[in-house]
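The sequence and structure come first.

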Amino acid sequence: MLAKEESHPRYRSLVLTLMLLLGALSFLHARSSASDAIPVLCFHYFSNKADSADNLTDTYERFEILTQYLSQNGYESCFPAEIQQHDRRPEKPVILTFDDGDKSQLRAARIMDRYGFKGLFFIIPARTRDSTEKSFTKSEVLWLAERGHRIGAHGYEHQSMVDSVRELKRSLNESQPFLKTLLGEKQKGVEDFAFPFGYYDDRTAEKMQQAFKFLYTVNPGYWDGTSVLIPRMLLSGRKDMEFYYHYLERSDDYRPALAPVTRDGAKSDVVKLRRTDNIPADKIRLFSVSPDTSGTMYVSHPLGSSLQARDDTLIIDLKTHLERCYAPQRSAISYALVQRTGDRIEYLSNGLLNWIEKEPGSEALYK
Ligand SMILES: [Zn+2]
């Protein structure tokens with residue numbers, strides 16, 4: 001079953017992703033207020049034409065359409081620090097983030113400037129030099145900060161911190177001083193950090209909290225306004241614009257029906273979730289949903305016998321599930337729990353729960 005799902009052509013995976021996510025987003029009922037379900041968008045690269053070979057690229061044209069949409073629908077961009085310190089609490093907040101410090105994002109910044117939006121740019125210190133071909137130069141980073149955009153760190157050399165002790169150490173000890181020196185008076189504090197590839201576990205998350213206030217994942221979901229770990233919706237030109245709008249507009253309705261007993265990012269063979277809703281047990285079929293190794297597309301697997309229900313707690317034997325469903329070379333897995341009712345799929349976990357397992361000889365995945 002796994003092999004079959006994974007051998008689908010890419011567009012089939014995309015259709016699956018859209019089905020899953022749109023289904024999930026359109027099925028939820030209003031419960032939470034916007035303030036505890038803040039949409040966080042994550043962009044990577046931009047081009048004039050949609051590049052079908054790259055799942056992380058979107059076009060400037062679509063980015064401008066989105067920016068117009070945000071503007072016309074009363075959204076205001078903000079930064080987590082403003083929300084947490086109660087400096088600013090827009091009625092319809094949105095957090096716009098950009099990973100990898102790619103030069104193509106400069107034009108996106110100009111588009112945001114025209115509509116009064118501010119972005120949070122995660123740069124890779126080791127690639128930020130005086131003169132560069134693809135990444136921001138130091139003066140381009142300053143240009144962004146001068147215009148009111150914020151700068152955060154995205155690892156140090158953009159290696160998986162779960163696998164590389166060197167990357168973890170340099171991210172922790174060098175990325176913030178690098179940015180502080182570079183930014184000087186142009187930005188007060190450097191408190192945002194995005195995990196390279198979105199890979200993290202308990203240990204890396206705990207370590208990075210020593211230096212940064214906010215840690216950004218690519219676990220789809222909304223930010224509750226207080227958590228250190230901030231989920232983000234990964235966007236690309238492969239997603240229909242409707243997907244963007246659904247994600248943005250449905251945030252008011254977002255409410256997970258299951259609360260993790262172990263916290264997001266926990267590494268354990270067994271995951272426990274407490275039910276917070278009265279969904280009849282026979283209506284629940286749980287699937288795990290995880291991004292592929294590039295972190296950009298999703299596959300789903302029924303939990304089957306790996307799932308047991310005891311009173312209001314669901315217990316998932318992840319070890320068995322992973323052995324059964326995932327290719328052995330896969331070493332980093334994030335997953336969400338969803339419920340399927342007919343054609344509809346609803347997220348039950350708060351964004352993707354995270355599970356990372358390292359297999360021998362898997363380093364190549366991260367290069
Ligand atoms: Zn990255």
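Strand β5 (residues 93–99), helix α5 (residues 105–115) and strand β6 form a right-handed β-α-β unit. Right-handed here means that, with the strands pointing away from the viewer, the path from the first strand over the helix to the second runs clockwise. Helices (H or I, at least four residues) and strands (E, at least two) are DSSP runs, numbered from the N terminus. The model is predicted: local features need pLDDT of at least 70, side-chain atom pairs count only at pLDDT 80 or more, and totals for chains, interfaces and linings use all residues. Residues are numbered from 1 along each chain as its sequence is written.

The chain then crosses from β6 through α6 to β7, in a β-α-β crossover that is right-handed.

Leaving out residues up to four places away in sequence, Ile-123 touches Gly-101, Thr-128, Phe-136, Val-141, Ile-151, Ala-153 and His-154. Contact requires C-beta atoms, placed from the backbone, within 7 Å.

## Nonpolar cores

A nonpolar core is a set of buried Ala, Val, Leu, Ile, Met, Phe, Trp, Tyr and Cys residues joined through C-beta atoms within 7 Å. The largest has 61 residues, of which Val-40, Cys-42, Ile-95, Ile-123, Ile-151, Phe-195 and Leu-215 touch the most other members. Strand β1 (residues 38–43) gives the most to this core, with five residues. Another core, of nine residues, lies apart from it and includes Val-271, Leu-286, Leu-303 and Leu-314.

## Helix α7

Helix α7 (residues 165–183) has 19 residues and spans 27 Å from its first C-alpha to its last, close to the expected 27 Å; the expected span is 1.5 Å times one less than the number of residues. A kink of about 40° is centred on Ser-171, the bend being the angle between axes fitted to the seven residues ending there and the seven starting there. Ser-171 is also among the buried residues of α7, which include Glu-167 and Leu-183. The buried residues of α7 pack against α6 (138–146), β7 (150–153) and α8 (202–208). Gly-184 follows α7 and has a positive phi, near 50°.

Technical notes: A residue is buried if 20 or more other C-beta atoms lie within 10 Å of its own, exposed if 12 or fewer, and partly exposed in between; C-beta atoms are placed from the backbone. Two residues are in contact if their C-beta atoms, placed from the backbone, lie within 7 Å.
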